[in-house]
Amino acid sequence: MPSLTRDEAVARADLLTVSLMEVELDLDRGAQTFGSVTRIHLTASGDGQTFVDVKPETLHRATIDGADLDVTSLREGRLPLAVTAGEHVVEVEATMAYSHDGEGLHRATDPADGEDYVFSHLFLDAAPAVFACIDQPDVKAPYAVCVKAPPEWQVIGNGSGTIADGGVWHLAQTRPLSTYFVALCAGPYVSVTDEHDGIRLGLWARRSLRQQLQEHAPEMLEVTRRSFDYFHSIFGIRYPFDDYDQVFVPEFNAGAMENPGCVVVRDAYLFRGAVGRDELLTRANTISHEMAHMWFGDLVSPQWWDDLWLNESFAEYMAHRCLVEATEYTEAWVDSTMSRKSWGYGAERSPSTHPVAGSPAPDAKSALANFDGISYAKGAAVIRQLIEFIGDDAFLEGIRDYLTEHSFGNGTLAGFLAAMSRASGQDLADWSAAWLETSGVDTIAVDRAAGTVTRRAPADHPAQRPHALDIATYSGGVESSRTTLTLEADSAPVAGVDLTAPLVLPNAGDRTWATPLLDEQSLAALRTELAAMTDAQARAVIWVGLRDGAALGQVDPRLLVDLGEAALVTETNDSIFSRAGMHLTNRVIRVLLPEEEQDAARARMTAVGEQVLATAEPGSSLALHAARLVARTTDDVEGRLVPWAHGRDLPVGLEGDADFRWILIGQLTRRGILTGDEVDEALAQDRTMTGQLGALTARAAIPTEAGKAAAWADLTTNRERSNHELVAIAAGFWGPADRSLVEPYVERYFADIPPMSAWLGEDALARVATMSYPSRFVSERTLELSRATLARTDIDQGVRRSIVDAQSELEEALASRRAFPAARP
């Protein structure tokens with residue numbers, strides 16, 4: 001279907017204003033389809049030709065002011081509409097299809113009890129698959145929604161609901177919303193409720209997750225309350241919507257979606273087994289992030305999709321700020337460095353890099369392709385730089401001005417900069433051009449001999465970015481000196497630091513967006529300094545800087561393995577230990593190192609895990625991550641994998657942990673020790689959604705020709721699979737020790753994955769394409785096939801973006817292997 005262009009959106013917004021949306025949905029028609037009736041109350045500024053967006057299974061009737069429209073004129077989701085100046089009511093009745101790819105109105109069956117659950121996800125252009133509308137972010141309107149549902153179901157939406165005779169739920173009319181924020185969750189959900197500061201709070205989940213919901217509700221509600229108090233204190237505007245529900249739903253594509261008053265969250269956050277502190281921090285961050293959106297995104301929405309950064313960058317920044325200042329998770333910025341900024345730096349290295357703001361988005365699909373770690377992590381880092389530039393008081397005054405001026409309307413980069421300029425008294429045009437409107441990440445380095453610090457922008461994205469940063473030095477792991485400065489030129493003298501110290505670390509506090517380049521003396525010192533350093537933020541900066549250096553072919557990946565062996569055994573921060581360990585096993589060892597060195601390097605990571613498991617407090621977060629590291633890397637089948645899988649000799653806290661058991665079953669299946677029948681037996685003991693996904697991953701890992709053929713067919717041809725099931729299959733497919741079993745599928749990936757766009761939504765398929773890319777096969781042949789695929793003109797935009805990014809990582813791996821080849825025997 002065609003993607004709405006910006007020019008079309010501008011013309012339609014000039015012609016039409018929508019004053020009210022009435023939506024009636026009938027969810028009591030079975031598992032495949034639902035009824036949808038929409039009345040669009042609109043005013044036309046003049047006579048004109050336009051269209052209504054609707055993507056039905058069957059379009060039954062459409063009228064304007066009671067006069068029939070030709071339903072056969074519907075083409076590719078657009079129903080032509082002729083209007084005259086004045087007020088009109090357009091009514092559309094249709095039968096819609098439930099989705100299974102996480103977009104539109106998704107319906108999933110819980111295998112634990114056979115119950116069905118429904119949730120909407122209308123970002124970015126999926127609303128017309130649920131109701132007819134003028135689907136663009138700058139046409140906002142109040143919504144009055146009523147829903148007919150089975151009698152045992154609950155219905156949760158943007159407005160508080162009441163149920164009337166006939167099982168029809170009426171949701172309170174909303175304040176003006178963009179179409180993609182309309183929310184509906186329905187099913188036999190169970191809840192935990194509370195009230196805070198006059199706001200009713202609700203947490204909802206599947207009935208089979210009642211125990212987990214009740215166990216985790218106190219902590220989640222506490223984060224919710226503290227976030228409300230904090231945001232009220234700094235925004236100067238009270239929460240502007242109705243009740244505040246957070247609904248944990250199955251098979252959700254993203255972490256969460258910030259629908260006003262009805263936040264939808266992936267239910268994997270209702271941890272059912274052992275959980276690390278960093279995982280709880282991530283969930284707390286998600287809760288706070290989505291709440292920040294109530295102001296940035298919901299109260300003030302982007303006028304067009306290229307200003308999505310005004311949603312995501314601010315929510316990203318505000319959530320971390322809130323956690324540090326208002327909750328127990330005071331280490332949130334360290335976690336941001338390890339998890340979020342590393343994601344953003346990866347996006348910056350890709351050919352698909354783009355500016356934070358002002359990135360050209362001629363149509364909605366193009367904007368979605370630019371929705372990545374730059375929109376989130378870099379944008380948040382740039383906001384921190386803005387605060388350094390104008391001061392926190394001016395920043396807070398500016399956001400209050402911006403939110404007040406555009407409440408229940410739309411914002412733009414220009415409007416945001418105007419508010420900041422008024423608050424600070426500074427012209428921000430040059431600052432914005434360098435930081436917001438230009439791609440690229442600078443490198444920052446210290447020249448010991450010259451006593452200077454230098455910055456260098458990428459040659460293909462020149463810019464003059466002023467960096468507020470710090471430089472610290474370390475000796476024996478102890479900070480020996482530190483200085484702060486603003487680097488406004490390509491080079492500046494460094495004063496107040498000991499440049500003779502073993503380790504000199506630019507951007508030690510991670511205050512700016514830049515790659516720190518360590519000199520040879522500092523790199524050599526890491527083998528002793530990193531393990532002894534007490535500053536977690538500096539350790540995180542080092543790990544992420546090394547990650548970039550290895551990706552750029554400037555740092556030998558063997559150094560990262562050495563440092564993992566030396567420093568992770570003494571690491572005390574969960575985020576650093578878990579993220580660095582995952583990167584070492586999944587990327588450095590599996591992809592960057594030559595094949596002949598991978599087994600030995602993996603064994604070294606097993607030893608790290610065993611040592612930490614032996615010394616960490618039993619049942620602690622670090623012990624949990626150490627056990628997971630051992631399970632992912634060990635070759636000790638009889639001493640570790642088999643007994644742990646059978647529940648024997650398990651580390652404290654992992655007794656009965658089904659999720660940990662699926663890691664073990666996957667490892668045993670990949671080695672050919674367990675068969676499909678034994679996977680079925682394990683599934684019979686864990687008949688849950690998570691168990692189903694674990695079983696799919698394990699089956700896909702079976703190292704036989706027949707097993708691989710069956711898994712590939714399931715992945716690429718089974719149209720009944722949900723988005724999460726496909727990702728689970730892809731996760732297990734490429735792992736056998738005998739690479740020849742999967743080598744034929746390298747070529748088949750490029751032939752079989754792109755056509756899946758015929759039945760799978762773009763967002764879901766992009767995730768499948770990323771997970772199933774043959775990154776393990778680091779060869780010129782893989783690169784040749786990838787480039788040939790990208791040369792085609794019939795590739796879905798989401799798949800194209802996934803292949804571009806994965807190919808970029810493949811090219812990094814090839815360059816690394818050329819720069820640091822295997823030693824000759």
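User: Why is Ser336 called buried?

Analyst: The relative accessible area of Ser336 is 5%, and buried means under 20%, exposed means over 50%, and partly exposed covers what lies in between, all with a 1.4 Å probe and only protein chains as cover. Because 5% is under the limit, Ser336 counts as buried. This is a predicted model, in which local features need pLDDT of at least 70 and side-chain atom pairs count only at pLDDT 80 or more, while totals for chains, interfaces and linings use all residues. Residues are numbered from 1 along each chain as its sequence is written, and side-chain values use heavy atoms, with hydrogens and water left out.

User: Where is Ser336 found, and which residues is Ser336 in contact with?

Analyst: Ser336 belongs to helix α5, residues 332–349, where helices are DSSP runs of H or I with at least four residues, strands are runs of E with at least two, and both are numbered from the N terminus. Leaving aside neighbours within four places in sequence, Ser336 is in contact with His320 and Lys341, contact being defined as heavy atoms within 4.5 Å.

User: How do you know whether Glu76 is buried or exposed?

Analyst: The relative accessible area of Glu76 is 54%, which is over the limit for exposed, and therefore Glu76 is called exposed. Glu76 lies in the loop between β5 (67–68) and β6 (78–83), and its phi is near 50 degrees, a positive value in a residue other than glycine.

User: Asp510 also has a positive phi; is Asp510 buried or exposed, and why?

Analyst: Asp510 has a relative accessible area of 4%, so it falls on the buried side of the limit. The place of Asp510 is in the loop between β27 (503–506) and β28, and its phi is near 55 degrees.

User: What makes Asp519 count as buried?

Analyst: The relative accessibility of Asp519 is 18%, and because this value is still under the limit, Asp519 counts as buried. Asp519 sits in the loop between β28 (514–517) and α11, and, leaving aside its neighbours within four places in sequence, it is in contact with Arg448 and Val504. Asp519 and Val446 are 73 residues apart in sequence, with their C-alpha atoms 7.4 Å apart in space.

User: Why is Ser178, which lies in a loop, called buried?

Analyst: The relative accessible area of Ser178 is 0%, which is under the limit, so Ser178 is buried. The loop in question runs between β13 (168–171) and β14 (184–187). Not counting residues up to four places away in sequence, Ser178 touches Pro137, Lys140 and Ser301.

User: How do you know whether His625 is buried or exposed?

Analyst: His625 has a relative accessible area of 7%, and therefore it is buried. The place of His625 is in helix α16, residues 621–633, and, with residues up to four places away in sequence not counted, it touches Gly276, Asp278, Glu279, Asp574, Phe577 and Ser578.

User: What makes a set of residues a nonpolar core, and which residues touch the most other members of the largest one?

Analyst: A nonpolar core is a set of buried Ala, Val, Leu, Ile, Met, Phe, Trp, Tyr and Cys residues joined through side-chain atoms within 4.5 Å. The largest nonpolar core has 235 residues, of which Leu27, Phe131, Phe231, Trp295, Met318 and Phe395 touch the most other members. Helix α2, residues 210–235, gives the most to this core, with 10 residues. Apart from it lies another core of 27 residues, among them Tyr180, Val247, Leu308 and Ala364.

User: What does the radius of gyration say when it is set against the value for a compact globule?

Analyst: The radius of gyration is taken over C-alpha atoms, and the globule rule is 2.2 Å times the number of residues to the power 0.38. For 825 residues a compact globule would have a radius near 28 Å, and the protein has 27 Å, so the two agree. The C-alpha atoms fill a box of roughly 80 × 70 × 55 Å along the principal axes.

User: How many helices and strands does the protein have, and what share of its residues is buried?

Analyst: The protein has 26 helices and 28 strands, and buried residues make up 62% of its 825 residues.
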